[in-house]
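Open the model in your viewer and keep the sequence panel beside it.

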Amino acid sequence: MSGQPSALVLHLTPTTASKVVVLFRATGDAPILKQNKFKIGGSEKFVKVIDFLRKQLHRETVFVYINSAFSPNPDEYVMDLFENFGIDGKLVVNYACSMAWG
């Protein structure tokens, strides 16, 4: 062993230490949140964002989309979504109470 951390450790270290700014945007008939920007740990799965939004809106069913384009898998890591689809330092999450995009 060379004493250097493995690739897995190098990948996880920045992810667990980083926070991602999530910007919520209401779509269709969804109510607008009083505060629409929140920070979440990059190592959290997207299901935590969905659960948080459900609680904020007091709704059991919420449809969520990244950049008005697609619904991510709830098991995706927030940091992975941010690194691939983040805009201007934020992960834009559109939400609706009924299906908005295919």
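How many salt bridges does the count come to by the rule used here, a side-chain nitrogen of Lys or Arg within 4 Å of a carboxyl oxygen of Asp or Glu? The count comes to 2 salt bridges, and both are stops on this tour.

Before selecting anything, note that this is a predicted model, in which local features need pLDDT of at least 70 and side-chain atom pairs count only at pLDDT 80 or more, while totals for chains, interfaces and linings use all residues. Residues are numbered from 1 along each chain as its sequence is written, and side-chain values use heavy atoms, with hydrogens and water left out.

**Whole chain.** Colour by secondary structure. The protein has 3 helices and 4 strands; helices (H or I, at least four residues) and strands (E, at least two) are DSSP runs, numbered from the N terminus. Read from the N terminus, the order of elements is α-β-β-α-β-α-β. Of the 102 residues, 31% are buried, where buried means under 20% relative accessible area, exposed over 50%, and partly exposed in between (1.4 Å probe, protein chains only).

Select β1 (19-26) and β2 (37-41). These strands pair in the antiparallel sense over 5 bridges; pairing requires that DSSP finds at least two bridges between two strands. V20 has I40 in β2 as its bridge partner. β1 and β4 pair in the parallel sense, over 6 bridges, and A26 is bridged to Y95 in β4.

**Core.** Next, show the side chains of F24, F46, L53, V64, V93 and Y95, which touch the most other members of the largest nonpolar core, a set of 22 residues. Such a core consists of buried Ala, Val, Leu, Ile, Met, Phe, Trp, Tyr and Cys residues joined through side-chain atoms within 4.5 Å. Elements supplying at least two residues each include β1, β2, α2 (46-57) and β3 (63-66). α2 gives the most, with 5 residues. Centre on V64: leaving aside residues up to four places away in sequence, V64 touches F46, I50, L53, F70, S71, P72, V93, N94 and Y95, with contact meaning heavy atoms within 4.5 Å.

**N94.** Is N94 buried or exposed? N94 is buried, at a relative accessible area of 5%. A polar atom of the N94 side chain lies 2.8 Å from the backbone nitrogen of S68.

**Helix α3.** Select α3 (78-85) and look down its axis. V78, M79 and L81 are buried. The buried residues of α3 fall within an arc of 160°, so they line one face of the helix; the arc is that of the directions from the helix axis to the C-beta atoms. On the face turned away from this buried side are the exposed residues E83 and N84.

**Salt bridges.** Finish with the charged pairs. Side chains of opposite charge can pair when their charged atoms come close. Select D51 and R54, which both lie in helix α2, 3 residues apart, about one turn of the helix. Their side chains meet in a salt bridge (3.2 Å, N to O). D51 is partly exposed at 32%, and R54 is partly exposed at 29%. Then select K48 and E44, whose side chains meet in a salt bridge at 3.4 Å, N to O. K48 counts as partly exposed at 43%, as does E44 at 27%.

How values were computed: Polar contact = N/O pair within 3.5 Å; in protein donor to acceptor, adjacent residues only side chain to side chain.
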